[in-house]
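Thanks for passing this one along.

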Amino acid sequence: MSQNIAIVDYGMGNLFSIKKRVESLGANVIVASQAGDLNRADKFILPGVGHFAKAMENLRNRNLLETLNEAVLTRKKYVLGICLGMQLMAKHSEEGDAEGLGWFDADVVRFRIKDTLRFKVPHVGWNEVVVKRETPLLKDIPDKSEFYFVHSYYFLPDDAADEITVTEYENFFTSGIQKENIFGVQFHPENSHDVGIQLFENFL
């Protein structure tokens, strides 16, 4: 029986390309904009491109926070955060000076680049992802595979054990995280060709 995957719709990000990718792998996709939609899901994807504080406000206004926390923290359902969706799992972000979901002891901070000729903000384009530790999410994905990034802020965990991948952009930053049933990637697997499809397949 195919799984029900809820893409959490809080009004930000291109949900359609993620939906299309996941459906191509045989899953049923629910675009979930209200709590009742989340209750029907086996697993969750928290997508996003946009502003951290606004995203948290939208999650609150749509009454999604309590249901999401209960599903992920209490019932231990699997969740994958993508880009802003991963950042929302932190305690706090400099973007809008806002509190996050607090699933990780982490902050989200803006890139502070010294060599502004070589490294632009936002960080846009293909970049290598270096595997820090083995995890089912990265099965059959070679170390230093290239994924597509678009972001001005990055995830800064208090505990390095939460990192599964890092990426170099002037300095190394955390590009993938995992704690028990909670996964996050800073890059966009939906825009990353074969390795992105493999990552979604591993999540399913």
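1. Let me start with helix α1, where Leu 15, Ser 17, Ile 18 and Val 22 are the buried residues (buried means under 20% relative accessible area, exposed over 50% and partly exposed in between, with a 1.4 Å probe and protein chains only). Viewed down the axis of α1, these buried residues fall within an arc of 165°, so they line one face of the helix; the arc is that of the directions from the helix axis to the C-beta atoms. Helices (H or I, at least four residues) and strands (E, at least two) are DSSP runs, numbered from the N terminus.

2. A word on the basis: this is a predicted model, in which local features need pLDDT of at least 70 and side-chain atom pairs count only at pLDDT 80 or more, while totals for chains, interfaces and linings use all residues. Residues are numbered from 1 along each chain as its sequence is written, and side-chain values use heavy atoms, with hydrogens and water left out.

3. What do the buried residues of α1 pack against? Their partners are β1 (4–8), β2 (28–32), β3 (43–46), β4 (78–82) and α6, with contact meaning heavy atoms within 4.5 Å. Exposed Phe 16, Lys 20 and Ser 24 sit on the face of α1 turned away from its buried side. Just after α1, Gly 26 has a positive phi of about 95°.

4. Do have a look at the helix pair. The axes of α1 (residues 15–24) and α6 (residues 193–203) come within 10 Å and cross at roughly 70°; axes are lines fitted to C-alpha atoms, for helices over the stretch in contact, and angles run from 0 to 180 degrees between N-to-C directions. The two helices are therefore roughly perpendicular to each other (65 to 115 degrees). Ile 18, Arg 21 and Val 22 of α1 make the contact with His 193, Ile 197 and Phe 200 of α6.

5. Val 8 belongs to strand β1 and, at 1% relative accessibility, counts as buried. Leaving aside residues up to four places away in sequence, Val 8 touches several residues, including Ala 32, Ile 45 and Leu 68.

6. Some backbone details deserve a glance. Val 121 and Pro 122 are joined by a cis peptide bond, with omega about 10°, and Pro 122 lies in the loop between β7 (106–110) and β8 (123–131). Lys 144, not a glycine, has a positive phi of about 65° and counts as partly exposed at 47% relative accessibility. Glu 180 also has a positive phi, near 50°; Glu 180 is exposed, at 55% relative accessible area.

Key:
Angles under 35 degrees count as roughly parallel, over 145 as roughly antiparallel, 65 to 115 as roughly perpendicular and the rest as oblique.
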